[in-house]
Each structure stands twice: as C-alpha cells, then as structure tokens.
Amino acid sequence: MKAKSRRQFTSEFKVKVVLEVLRQDKTLNQIASEHELHPQLVQTWKQAFMAAVPQLFDQQKRAEKPVVDETGPLYEQIGRLQMELTWLKKKLATNP
C-alpha cells in the first residue's frame, strides 16, 4: 500500500486564499471547501499572513535612507576652489 503524499502549496496560492478570506465575500468554510482544504489550514495561513504584514511595513521604513545634508561639504569645496582660482589669478598677474 502506497503512502499518501502531502500536498505542497505555493506562496502565491496561499496569499490568494487568504485574500479571499479577508474579502469576506464567503465564509472561511466555503473557501476551504472550494479549494479542497481543511478550514483550520486556511485559518493558520490567515494568522501567519496577519502576523507578517506589520513586519513588511517596518522593513520599508528601514529601507528608506535617512536624509543627509550634503550642502556643507559642497560649499566648503566651492570656497576652496574659489580661493585657489583667486590665488592663481594673482600669481599669473605678478609673473608676466
């Protein structure tokens, strides 16, 4: 007698089922029977989905780079270049 193998479900399928449950067009039992799943499995997927959603938004906040004020070093460089240019002009004027 061959042992029954366990079914594997993709993440996309799980999300699709959970979104159907969250839409609340049908009951959880109706959705589970349509997809030939046990209602407890669908409930577990929903709980895992709801637990992971806040972390998704936290990751987006961490991914944003903080605003760095780069104008200070740029103004310093402009001032330094202007001083060098002024110095070169004076040097050229004194050495004909």
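## Phe13 and the ground rules

Let's start with Phe13, which is partly exposed because its relative accessible area is 22%; buried means under 20%, exposed over 50% and partly exposed in between, with a 1.4 Å probe and protein chains only. Accessible areas come from the Shrake-Rupley method with a 1.4 Å probe, and for residues only the protein chains shown count as cover.

This is a predicted model, where local features need pLDDT of at least 70 and side-chain atom pairs count only at pLDDT 80 or more, while totals for chains, interfaces and linings use all residues. Residues are numbered from 1 along each chain as its sequence is written, and side-chain values use heavy atoms, leaving out hydrogens and water.

## Aromatic pairs

How many aromatic pairs does a search of the whole structure find? The search finds three. Rings of Phe, Tyr and Trp (its six-membered ring) pair if their centres lie within 6.5 Å; planes under 30 degrees apart count as stacked, over 60 as edge-to-face and the rest as tilted. One of these pairs joins Phe9 and Trp45, which is edge-to-face because the ring centres are 5.3 Å apart and the planes stand at 75°. Phe9 lies in the segment before H1 and Trp45 in helix H3 (residues 39–63), so this pair ties together parts that are 36 residues apart in sequence. Helices (H or I, at least four residues) are DSSP runs, numbered from the N terminus.

Phe13 also pairs with Trp45, edge-to-face, at 6.2 Å centre to centre and 85° between the planes. Here too distant parts of the chain are linked, with Phe13 in helix H1 and Trp45 in helix H3, 32 residues apart. Within it, Trp45 counts as buried because its relative accessibility is 10%, whereas Phe9, at 24%, counts as partly exposed.

Is His35 buried or exposed? His35 is buried, with a relative accessible area of 17%, and sits in the loop between helix H2 (28–34) and H3. Leaving aside neighbours within four places in sequence, His35 is in contact (heavy atoms within 4.5 Å) with Arg7, Phe13, Lys16, Val17 and Glu20.

## A nonpolar surface patch

Over on the surface, Val15, Leu19, Leu22 and Met50 form a nonpolar patch with about 300 Å² of accessible area together. Such a patch takes residues with over 30% relative accessible area and no salt bridge, with nonpolar side chains (Val, Leu, Ile, Met, Phe, Trp, Tyr) joined within 5 Å; a salt bridge is a side-chain nitrogen of Lys or Arg within 4 Å of a carboxyl oxygen of Asp or Glu. Helix H1 (residues 11–23) gives the most to the patch, with three residues. Val15 has its place in helix H1 and, at 34% relative accessibility, counts as partly exposed.

Key:
Patches are made of residues with over 30% relative accessible area and no salt bridge: like charges are joined within 9 Å, nonpolar side chains (Val, Leu, Ile, Met, Phe, Trp, Tyr) within 5 Å. Helices (H or I, at least four residues) and strands (E, at least two) are DSSP runs, numbered from the N terminus.
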